[in-house]
Amino acid sequence: MEMDEQQQPPQEDDPFLAFVDYARSVLSPVDEGEGEGGGYETNGHETETCGPGWSWIVSRILRTCIAYSSGVTKAILLSDLSQAWSELHRSGAPNRRPEIINQLKKKHRRTKLPTTITIDCIYEKNFLSLSSTLEAVIVDAFVLPGTNIYMLTLGDFWSSNTIGLYLHRRYYDLVDPRNGILKKGREVFLTGCYLRTAREGSGCPRLLPTEYLVILLDDDQDDDAMLIAAQFCSDSFSSISLDEANSGVSYSLYARIESIESMEVQGVFGNVQRKEITLVDNDGVQLKFLLWGEQVLLANLFSTGSMIAIDRPYIASSKESAVQTTSELCLEYGSATQLYLVPFVQHEEQVYVPLTQSRYQGSKVMSALDPTQGPKVSQVSLPCDSQGSIDFSNYPFRSLVIDLRDKMTSISLYGIVTEIFRETNTTKIIFSLKIKDTTGAIWAKLYFARSWSLGRLGVGHIVYISGLSCYKTKHNKYVEFGLIKLINVMSVQDIHILFAVM
């Protein structure tokens, strides 16, 4: 499988790869007494990452290069990397964090959502994006003196500060001092928040009311389990009647989130954003839960595999909503709807750092290889999703073609494009790229949610693609490239490609 000189895969003297390795060594230096683990334990039993993953560093470097279109220096890149990594792992002083959060933190096993921002970061930047997510704990709930306005004092697991939130009136019936669910110690997700800064008349920053609030439940807690059983398990998708809903009957439903898809719909005033969330109830019946316009921010609070409880959803006809589904009905987020979530807690799996990291990357971890360890050097704990796929978004090393296996998600590839074409036997936008690195080659099938073109990307370009998932082909056929055999096909929902001409 000979290739001309222009299409040879990136070699280990690639200056970009060399800088990535250098940046990683700066952000996660090896302390004395830790050996050559590069910030990772190598005892073969447990690994704790002390520094950023390879893919995170590459993505951040490329993002900075775009921001500084006139050119960047190593100092600028290292400064941006250091600041971003520090913000990502900022933690507050334990002696200032409310005791209720310290107690909850002991059993906190949930993975932080991708859009989550900490309260400490809000104070530092004096800014909050509407699309940001707050994973908060209610520290206190009270009425402002002389008013009927409810306030919540919120903290989080990563901050020493707390912040006040004006509660939206949609949730006032949930803060009853005796039976209310919004009370001290309750966890909530919220988004779509506006920040009222101290300069605007308040003594300290506060969050203005947002209707996009989701209440977290723990089905291992008796009170929450009883609430789920009493309020949400009497109705099912099959029991919903459009006529009854139109006559004023309300429903409380409980289901698992199977998928979340983005759509863009042509409306009277232009394109309207829409999220289609596929739900499956305990009887195995599927139904679509739709979010429109600004409501799509709520999707940032959900994750596949989580259980969602929907109180008083708006029941709509799927024909009116133009949803392609076998059901005549769909659910929407109405003016009285309240949402509860039992988040999916990701289990972790220990992944071996393979020998290929030494053979093809010169990993510092491999320099400490003990011959008695056999085919393993160390292990990295990575989370699994509800389908059993392993999330490689925080994998500390570069992903190579030879290491790809079934049920890998959030992987990144860096290599040279040797073939490219768009599939014409489908109405969907699908491109196939053949990517080659120092260990082999593989076809990457790219699915685009919107109309898109690969533009100037062509054969001979070096490409970095993140957000890929890897799985076996339906027919389990082997495709041979050189000395290795692959049974993997990759697909993506949304990707960001950056490339450089060789």
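1. Accessible areas here come from the Shrake-Rupley method with a 1.4 Å probe, and for residues only the protein chains shown count as cover. On that basis the accessible surface of the protein chain comes to about 25,600 Å², of which 49% belongs to carbon and sulfur atoms. The model is a predicted one, in which local features need pLDDT of at least 70 and side-chain atom pairs count only at pLDDT 80 or more, while totals for chains, interfaces and linings use all residues. Residues are numbered from 1 along each chain as its sequence is written, and side-chain values use heavy atoms, with hydrogens and water left out.

2. The protein chain has 9 helices and 25 strands, where helices (H or I, at least four residues) and strands (E, at least two) are DSSP runs numbered from the N terminus. Of its 502 residues, 48% count as buried; buried means under 20% relative accessible area, exposed over 50%, and partly exposed in between, with a 1.4 Å probe and protein chains only. Contact means heavy atoms within 4.5 Å, and among contacts between residues at least 6 apart in sequence, 63% join residues at least 24 apart.

3. A nonpolar core is taken as a set of buried Ala, Val, Leu, Ile, Met, Phe, Trp, Tyr and Cys residues joined through side-chain atoms within 4.5 Å. The largest such core has 63 residues, and the members that touch the most others are Leu182, Leu279, Phe289, Phe302 and Leu331. Apart from it lies another core, of 28 residues, which includes Ile390, Val401, Ile429 and Leu468. Phe302, leaving aside its neighbours within four places in sequence, is in contact with Val214, Ile257, Ile260, Ile277, Phe289, Leu291, Ile308, Leu339 and Leu341.

4. Two of those contacts of Phe302, Leu339 and Leu341, belong to strand β14 (residues 338–342), where 5 of the 5 residues are buried, so the strand is largely enclosed by the rest of the structure. In a regular strand the side chains alternate between the two faces of the sheet. In β14, Gln338, Tyr340 and Val342 point one way and Leu339 and Leu341 the other way, and all are buried.

5. The pairing of β14 deserves a separate look, with two strands said to pair if DSSP finds at least two bridges between them. Strand β7 (residues 213–216) runs parallel to β14 and is joined to it by 3 bridges, with Ile215 standing opposite Tyr340. Strand β11 (residues 307–311), by contrast, pairs with β14 in the antiparallel sense over 5 bridges, and here Ile310 stands opposite Leu339.

6. Strand β19 (residues 429–437) and strand β20 (residues 440–448) pair in the antiparallel sense over 9 bridges, and a hairpin through 2 residues joins them, with Asp437 opposite Gly440. Within β19, Ser432 is buried, with a relative accessible area of 5%. A polar contact of 3.3 Å joins the side chains of Ser432 and Glu423, the term denoting a pair of N or O atoms within 3.5 Å; within protein, one atom must be able to donate a hydrogen and the other to accept it, and residues adjacent in sequence count only if both atoms are side-chain atoms. Not counting residues up to four places away in sequence, Ser432 touches Glu419, Ile420, Phe421, Glu423, Trp443, Ala444 and Lys445.

7. Arg398 lies in the loop between β17 (390–391) and β18 (408–422), yet at 2% relative accessibility it counts as buried. The side chain of Arg398 reaches the backbone oxygen of Tyr414 at 3.2 Å.

8. Helix α6 (residues 222–232) has Asp224, Ile228 and Phe232 as its buried residues. Seen down the axis of α6, these fall within an arc of 40 degrees, so they line one face of the helix; the arc is that of the directions from the helix axis to the C-beta atoms. The face of α6 turned away from the buried side carries the exposed residues Asp222, Asp223, Met226 and Ala230.

9. Arg60, in helix α2 (residues 54–67), has a relative accessible area of 23%; Arg60 and Asp80 are 20 residues apart in sequence and 8.2 Å apart in space, C-alpha to C-alpha. Asp140, in strand β1 (residues 133–143), has 38% relative accessibility, and its C-alpha lies 5.0 Å from that of Thr153, 13 residues apart in sequence.
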